[in-house]
Amino acid sequence: MGKPNMEIRIVPLERRHISILAELEQVCFADPWSENALIEELENPQAVFLTAENLRGEVLGYAGMHNILGEGYIDNIAVFPQMQGKGIGSELVNALLNYGKQNGLIFITLEVRPSNEAALSLYRKYGFQQEGVRRGYYRHPTEDAWILTRWFPPAGHESLRKE
């Protein structure tokens, strides 16, 4: 699904990533997660938080999801603005999907602003489809959220994949 324009690696969230990811949250989201909220995810057995780094170990972005009873709920995917458009978001989404396949998830779902055309394009590229709307979900500015879901076929039924 497209190679990144630079060499990156996807690694599990570590304590050394927290402060820079809290800064990224401030840059990207109206309701950013705090350092403490990110730290809590280090100890959460349901958390699947991944960090994109360049080969020097510099943080480029991250993705966070929770695996709850075989269902994946993406919390955030964020890439530093100066690094966007280089395939980093694609690598992060692909890593979450690979986790979902390897761990037998039924689906992965997320909320996205309908005005976020770049994110919508990315998610659709990976087979996410609109399943619903949450009215007035976002603040600053107030906007609905589209619920996008990527279903996985039952084990042994890969030909039923919704893509």
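Among the contacts in the chain with a separation of 6 or more, what percentage comes from residues 24 or more positions apart? In this predicted model, such residues account for 58% of those contacts.

**Secondary structure**
- The chain contains four helices and seven strands.
- Read from the N terminus, its elements follow the order β-α-α-β-β-β-α-β-α-β-β.

**Overall dimensions**
- The C-alpha trace of the chain spans about 40 × 35 × 35 Å along its principal axes.
- The radius of gyration of the chain is 15 Å, which agrees with a compact globule, because a globule of 163 residues would have a value near 15 Å.

**Burial and surface**
- Of the 163 residues in the chain, 42% are buried.
- The accessible surface of the chain amounts to about 9,000 Å².
- Carbon and sulfur atoms contribute 48% of that accessible surface.

**A nonpolar patch**
- A nonpolar patch on the surface is formed by Ile68, Leu69 and Tyr73.
- Together, these three residues have about 310 Å² of accessible area.
- Leucine 69, one of the residues in the patch, lies in the loop between strand 3 (59-68) and strand 4 (71-79).
- Leucine 69 has a relative accessible area of 81%; it is therefore classed as exposed, since the cut-off for that class is over 50%.

Technical notes. Residues numbered from 1 in each chain as written. Predicted model: local features only at pLDDT ≥ 70, side-chain atom pairs only at ≥ 80, totals over all residues. Heavy atoms only, no water. Patch = residues over 30% accessible without salt bridge, like charges linked within 9 Å, V, L, I, M, F, W, Y side chains within 5 Å. Areas by Shrake-Rupley, 256 points an atom, 1.4 Å probe, with all protein chains shown as cover. Salt bridge = Lys/Arg side-chain N within 4 Å of Asp/Glu carboxyl O. Helix = DSSP H or I, 4+ residues; strand = E, 2+ residues; numbered from the N terminus. Buried < 20%, exposed > 50% of the residue type's maximum accessible area, 1.4 Å probe, protein only. Rg over C-alpha atoms; globule rule 2.2 N^0.38 Å. Contact = heavy atoms within 4.5 Å.
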